[in-house]
Amino acid sequence: MTRIAEPGVTLIAHTTVTTLDGTLDTAPHAAEWLEPQQGTAHAEYITEFAGRACYQSFNRPNPATATTADYLRRTLFEQKHWSIAEHATATFYITGVSRAFTHELIRHRHLSYSQLSQRFVDEGRADIVVPPAMRGEEDVLLELERETSHYYSTIVDVLTDDGLPRKQVREAARAALPNMTETRIVVTGNLRAWHEVIERRTAPDADAEMQEVMGMVRDQLTTIAPTIFPEEK
């Protein structure tokens, strides 16, 4: 029986600091940088480190930017020096989203993707994703899914009987699948790229599903970089 998929966003990897021991022997106040400041997120620590490396300002000479949070607020948001945020990355496993969603997402070329393959995976019983505007009207989409599932299965049966290999059969049968077919995708990006994508894709004129899922991504990024991705008020 076809199920209605719910979006899921799981943070599966992100930048962590290993050690800087031995790398800053010639820099002033090197010992201060062997570990992040108390409570500092590693992703934000390495972002700050990259910025301070440009000027060798490891001794935090400016009281106004002496903390990691203050440094990032000024450097990223006021001075717009976002290149330093490219040194920290985050990887997500995004599930319960539509093919329409991923077609829009992959336009962002500074992210990296690995998506479920419809050429290898049997999509005859794939879940569907209901667009936010149609929640409460799912019966219409479920009826449509029953029809497309029938055509998908018919194509599979015909081409299998013709002796075609499984990959060719499924790559042809996917022609019957609608955009609402559920898919899953692994996405990796640096924090600058994620910030730009989230800023654009949570705007009021963005696709409704995209707004919802990118909001979920932002909430996860808040746990590893709260200054760069502050909680929504």
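Colleague: What makes the pair of Thr-222 and Phe-229 a polar contact?

Modeller: First, a caution: the model is predicted. A polar atom of the Thr-222 side chain lies 2.7 Å from the backbone oxygen of Phe-229. The cut-off for a polar contact is 3.5 Å. The pair is within it, so the label holds.

Colleague: Where is Thr-222 found, and which residues is Thr-222 in contact with, leaving aside neighbours within four places in sequence?

Modeller: Thr-222 belongs to helix α7, which covers residues 208-222. Beyond those neighbours, Thr-222 is in contact with Phe-229, Pro-230 and Glu-231.

Colleague: Why is Thr-222 called buried?

Modeller: The relative accessible area of Thr-222 is 10%. Buried means under 20%, so Thr-222 qualifies.

Colleague: What separates the C-alpha atoms of Thr-222 and Ala-69?

Modeller: A distance of 13 Å, for two residues 153 apart along the chain.

Colleague: Turn to helix α2. Which residues of α2 are buried?

Modeller: Helix α2 runs over residues 68-78, and its buried residues are Thr-68, Tyr-71, Leu-72, Thr-75 and Leu-76.

Colleague: How do you know that they line one face of the helix?

Modeller: Look down the axis of α2. The buried residues fall within an arc of 95 degrees, so they line one face. An α-helix has 3.6 residues a turn, so residues three or four places apart point the same way.

Colleague: What covers the buried residues of α2?

Modeller: The cover includes α1, residues 42-55. The axes of α1 and α2 are 10 Å apart, and the packing angle is about 65 degrees. On the α2 side, the contact is made by Thr-68, Tyr-71 and Leu-72. On the α1 side it is made by Glu-44, Tyr-45, Thr-47, Glu-48, Gly-51 and Arg-52. The crossing is left-handed.

Colleague: What follows α2?

Modeller: Lys-80 follows α2, with a positive phi near 65 degrees.

Colleague: How many aromatic pairs does a search of the whole structure find?

Modeller: The search finds 3. One of them joins Phe-77 and Trp-82.

Colleague: Why is the pair of Phe-77 and Trp-82 called edge-to-face?

Modeller: The ring centres are 5.3 Å apart, and the limit for a pair is 6.5 Å. The planes stand at 85 degrees. Over 60 counts as edge-to-face, so that is the label.

Colleague: Are Phe-77 and Trp-82 buried or partly exposed?

Modeller: Phe-77 has 30% relative accessibility, between the 20% and 50% limits, so Phe-77 counts as partly exposed. Trp-82 has 10%, under 20%, so Trp-82 counts as buried.

Terms used. Residues numbered from 1 in each chain as written. Predicted model: local features only at pLDDT ≥ 70, side-chain atom pairs only at ≥ 80, totals over all residues. Heavy atoms only, no water. Phe/Tyr/Trp six-rings, centres within 6.5 Å; stacked < 30°, edge-to-face > 60°. Buried < 20%, exposed > 50% of the residue type's maximum accessible area, 1.4 Å probe, protein only. Helix = DSSP H or I, 4+ residues; strand = E, 2+ residues; numbered from the N terminus. Contact = heavy atoms within 4.5 Å. Polar contact = N/O pair within 3.5 Å; in protein donor to acceptor, adjacent residues only side chain to side chain. Arc of directions from axis to C-beta. Axes fitted to C-alpha atoms, helices over the stretch in contact; angles between N-to-C directions. Left-handed = near helix turned anticlockwise from the far one by under 90°.
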